[in-house]
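Me: Please show me the structure, and then let us examine the terms used to describe it.

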Amino acid sequence: MKRYKNASELYDIFYAERKEDIAFYNQVLTKYKPVLDNNRIVEIGAGTGRVLLPIAARHPDLEFHAIDVIGDEIAVLKQKAEEQGIDNIVTHVADINAFSDKEKFSFAFAPFRVLQHCQSVEEMNRFVNSTKNNLTENGRFVFDLFNPWIHMLVREGVVFDGNYYDKEGNLINRRVEINKRDYFKQTQNIEEYYTVRYTDGQTDKFEWLYTTGYFFKDTASMVLEKNDLSVENLYGHFDRTPFGKGEYPGELIFDCLKKRKER
Ligand SMILES: C[S@@+](CC[C@H](N)C(=O)[O-])C[C@H]1O[C@@H](n2cnc3c(N)ncnc32)[C@H](O)[C@@H]1O
């Protein structure tokens with residue numbers, strides 16, 4: 001009987017239904033592919049490869065790089081790539097803030113609110129600056145953020161408690177708490193607790209504790225502009241509805257082009 005070793009091995013079970021963002025990132029990459037500077041693509045905060053693997057499988061002519069600070073996440077990604085026979089992904093267990101690639105990437109993307117892990121505007125600036133430095137001259141950076149949803153920002157305590165079954169019929173409970181909101185710093189602690197009840201009666205418990213920040217549209221836009229990334233499209237939904245047009249709160253999705261240096 002399979003026993004889970006860490007929280008990363010459970011991630012894909014919780015997000016099995018989340019597919020709209022995969023389609024969006026694939027569409028955007030496909031649209032820009034003919035004009036990219038090179039065939040090197042990077043996902044920053046690639047996690048378990050939920051988004052990267054289906055996209056890499058569709059573009060065997062491109063070389064994909066996966067960066068994540070959590071080794072357990074990259075281990076899951078590598079194992080899935082091997083099982084699925086996907087061989088155009090290079091992995092890096094690294095923090096984007098300390099990552100440098102001489103050859104540079106023509107397209108960088110960071111799906112599912114990776115930049116929420118920045119806990120201040122300064123941290124976001126560092127993240128964006130390092131991303132820009134790893135881009136080619138006409139490089140692109142596409143990512144999404146949580147659109148700060150005023151009603152959600154007042155909630156504390158348990159915000160989600162639900163059950164899932166894995167393929168082997170084991171029951172997994174996921175409980176998410178939001179605590180220690182700091183309205184000055186615009187941060188909060190997220191506590192995720194998982195209990196696995198195996199079909200043979202055994203139990204495992206895992207947790208994932210982290211702090212996130214939230215950033216309004218104009219703050220993020222100014223950080224991007226400061227780093228010579230021009231926001232060409234700003235969407236509010238993964239179906240590419242412009243920001244502000246669809247239902248509130250939607251998402252905050254940036255499609256940016258690196259500004260050419262004046263000669
Ligand atoms: C919510 S997960 C998203 C994973 C994946 N992109 C997806 O859509 O399923 C955010 C990931 O970003 C990673 N991350 C956060 N800050 C990072 C940084 N500075 N450098 C590299 N990875 C980072 C985290 O370790 C985590 O795996």
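Predicted model: local features only at pLDDT ≥ 70, side-chain atom pairs only at ≥ 80, totals over all residues.

Me: Which residues of helix α6 are called buried?
Reply: A residue is buried if 20 or more other C-beta atoms, placed from the backbone, lie within 10 Å of its own, and exposed if 12 or fewer do. In α6 (residues 217-226, a DSSP run of H or I with at least four residues), Ala220, Val223 and Leu224 are buried.

Me: Why are they said to line one face of the helix?
Reply: Down the axis of α6, the directions from the axis to the C-beta atoms of its buried residues fall within an arc of 100°, so these residues line one face. The face turned away from that buried side carries the exposed Asp218 and Lys226.

Me: What makes β3 and β10 edge strands?
Reply: Two strands (E runs of at least two residues in DSSP) pair if DSSP finds at least two bridges between them. The open sheet has seven strands in the order β3-β2-β1-β4-β5-β11-β10, and β3 (89-93) and β10 each pair on one side only.

Me: How do you know that β2 pairs with β3?
Reply: Five bridges join β2 (residues 63-68) to β3, and the two run parallel; the definition asks for at least two bridges, so they count as paired. Asp68 stands opposite Val93 in β3.

Note on methods. Residues numbered from 1 in each chain as written.
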